[in-house]
Amino acid sequence: METRQGAPDGASPEAVEFVRFCYRRRPHGWPELYDEMCHVASRRLFRGWGLGELADQGIGFSLFETPRLAALVEMVVGQERAGSPAISKVDDAPLRLQHEALAAG
């Protein structure tokens with residue numbers, strides 16, 4: 001899978017910032033953070049963006065998009081816990097493997 005700015009599956013830097021924003025509001029991992037992201041999106045608490053704007057940035061909440069979103073959450077939570085906000089040099093090979101394993105069922 002091709003990445004942009006070190007984020008899985010072409011998620012934009014804004015998508016990474018959205019996940020980081022949600023994590024800082026509720027510092028939990030997957031799936032608890034998914035609930036917070038849905039809450040933030042439905043109330044447009046991040047930059048006034050709702051589901052459409054977030055979808056344009058690579059954030060999708062459908063069942064088919066959850067493996068990719070979970071991989072993005074894992075990457076951001078790992079960075080936050082390590083204290084490293086940089087995303088440009090992230091090795092996403094483990095995330096690709098996880099995504100492929102989730103896709104295989």
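Trainee: What pLDDT does the chain average?

Mentor: This is a predicted model. The chain averages a pLDDT of 79, and 70% of the residues score at least 70.

Trainee: Over which residues is the pLDDT below 50?

Mentor: Residues 1–6 are one such stretch. In the model, that stretch has 18 contacts beyond near neighbours in sequence. Residues 87–97 are also below 50. There the model has 17 contacts beyond near neighbours.

Trainee: Switching to α1. What should its 13 residues span?

Mentor: Helix α1 covers residues 13–25. At 1.5 Å a residue, it should span 18 Å. Its end C-alpha atoms are 18 Å apart, so the two agree.

Trainee: Which residues of α1 are buried?

Mentor: Ala15, Val16, Phe18, Val19, Arg20, Cys22 and Tyr23.

Trainee: And what do those buried residues pack against?

Mentor: Three helices: α2 (32–42), α3 (51–56) and α4 (66–82).

Trainee: Take α4, then. At what angle do α1 and α4 pack?

Mentor: About 60°, with their axes 10 Å apart.

Trainee: Is the crossing left-handed or right-handed?

Mentor: The crossing of α1 and α4 is right-handed.

Trainee: Which residues make the contact?

Mentor: From α1, Ala15, Val16, Val19, Arg20, Tyr23 and Arg24. From α4, Leu72, Val73, Met75, Val76, Val77, Gln79, Glu80 and Arg81.

Conventions
Residues numbered from 1 in each chain as written. Predicted model: local features only at pLDDT ≥ 70, side-chain atom pairs only at ≥ 80, totals over all residues. Heavy atoms only, no water. Helix = DSSP H or I, 4+ residues; strand = E, 2+ residues; numbered from the N terminus. Expected span 1.5 Å × (residues − 1). Buried < 20%, exposed > 50% of the residue type's maximum accessible area, 1.4 Å probe, protein only. Contact = heavy atoms within 4.5 Å. pLDDT = per-residue confidence, 0-100. Axes fitted to C-alpha atoms, helices over the stretch in contact; angles between N-to-C directions. Left-handed = near helix turned anticlockwise from the far one by under 90°.
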